[in-house]
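Thanks for making the time today.

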Amino acid sequence: MLYNIAVDDAMKPFKLASWDKKGSYTHIKIDSGAEPLLIGEGYCTIIAGPCAVESEEGYLQIARFLREAGAHALRGGLFKPRTSPYSFKGLGRQGLEIMLEARRITGLPLVTEIMDIRDLELLGDNIDILQVGSRNMQNYSLLEELGKLHKPILLKRGLSATIEEWLLAAEYVLDGGNPNVILCERGIRTFESYLRNTVDIGAVALLKDLSHLPVLVDPSHATGKWKMVTPVARAAIAAGADGLMVEVHPDPDRALSDGKQSLTPENFLKMYEQVSQISRLVKNL
Ligand code: PEP
Ligand code: MN
């Protein structure tokens, strides 16, 4: 008996994130937009926007477009984790005002990355979904602080994280008392270097079996190439993802970050149409 308990514990190190433990899927409700938004099994939530908020005019233009196109939430980086300290690192506080204006105009909830717990005061009250980026997936003190909130946390997979490490990172937030965790597969580092990362579509299907948490895919950071974004987005939804987070820029050639992986508005429309069709099919399976 004791032996069985030990085996079970060893096999399920993530307790609160496990599907077996809860027995039903988690749906995360966001009430701050014009219409309530539900994220989880049975829905196909599209979060879209530029990598970073760059200017008021550009952000409001793309936000208006995305609202019309059917996106459910707006993304935009304010504090950007850049590989080089000399790259554009985001507009910070000034960019937040622009995002808030975009929410006022469109009614869409906002998603941005929190890199440092010192920014919680600024972002916590204003942003609807706080993103923990790949580079911070194992920043346990940040995860513990986010566990004290009730706000939805979009937890991206670490650059080289195993699925177990990723679920245990989610466990930190859940164990802190915050049940609102969304997982986001964004590709991992492998020996392959042609694409920016190697997207783990199998992980999507596996997570929907292992865990009750919503699973999104970010085909932009997963591939690094805009031409690959739509095919990977299709694959993600076909594999059972509950939605996508995708980078869209009004003029990708002039983007201050990640232009090469950003869809134009026109290409976003094509992706959206294809993904919607697949989503309808998958939900009826
Ligand atoms: C992002 O979504 O802006 C981002 C930096 O992604 P990741 O943490 O997956 O690299
Ligand atoms: Mn980016």
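Searching the whole of this structure, which is a predicted model, turns up four aromatic pairs. One of them joins Trp-19 and Tyr-25 edge-to-face, with 5.8 Å from centre to centre and 70° between the planes. Trp-19 is partly exposed, at a relative accessible area of 26%, and Tyr-25, at 26% relative accessibility, counts as partly exposed too. Tyr-25 also has the charged end of Lys-208 sitting over its ring, 4.3 Å from the centre.

Another pair is Phe-65 with Phe-268, and because the ring centres are 6.3 Å apart and the planes stand at 75°, this pair is edge-to-face. Since Phe-65 belongs to helix α3 and Phe-268 to helix α11, the pair ties together parts that are 203 residues apart in sequence. Phe-65 is partly exposed at 22% relative accessibility, whereas Phe-268 is buried at 0%, and ring pairs bring Phe-65, Phe-268 and Tyr-272 into a cluster.

Staying with α3, this helix covers residues 56-69 and spans 20 Å from its first C-alpha to its last. Its buried residues include Tyr-59, Leu-60, Ile-62 and Leu-66, and among the elements covering the buried residues of α3 are β3, β4, α4 and α11.

Notes:
Residues numbered from 1 in each chain as written. Chains lettered and ligands numbered in written order. Predicted model: local features only at pLDDT ≥ 70, side-chain atom pairs only at ≥ 80, totals over all residues. Heavy atoms only, no water. Helix = DSSP H or I, 4+ residues; strand = E, 2+ residues; numbered from the N terminus. Expected span 1.5 Å × (residues − 1). Buried < 20%, exposed > 50% of the residue type's maximum accessible area, 1.4 Å probe, protein only. Contact = heavy atoms within 4.5 Å. Phe/Tyr/Trp six-rings, centres within 6.5 Å; stacked < 30°, edge-to-face > 60°. Lys NZ or Arg CZ within 6 Å of the ring centre and 35° of its normal.
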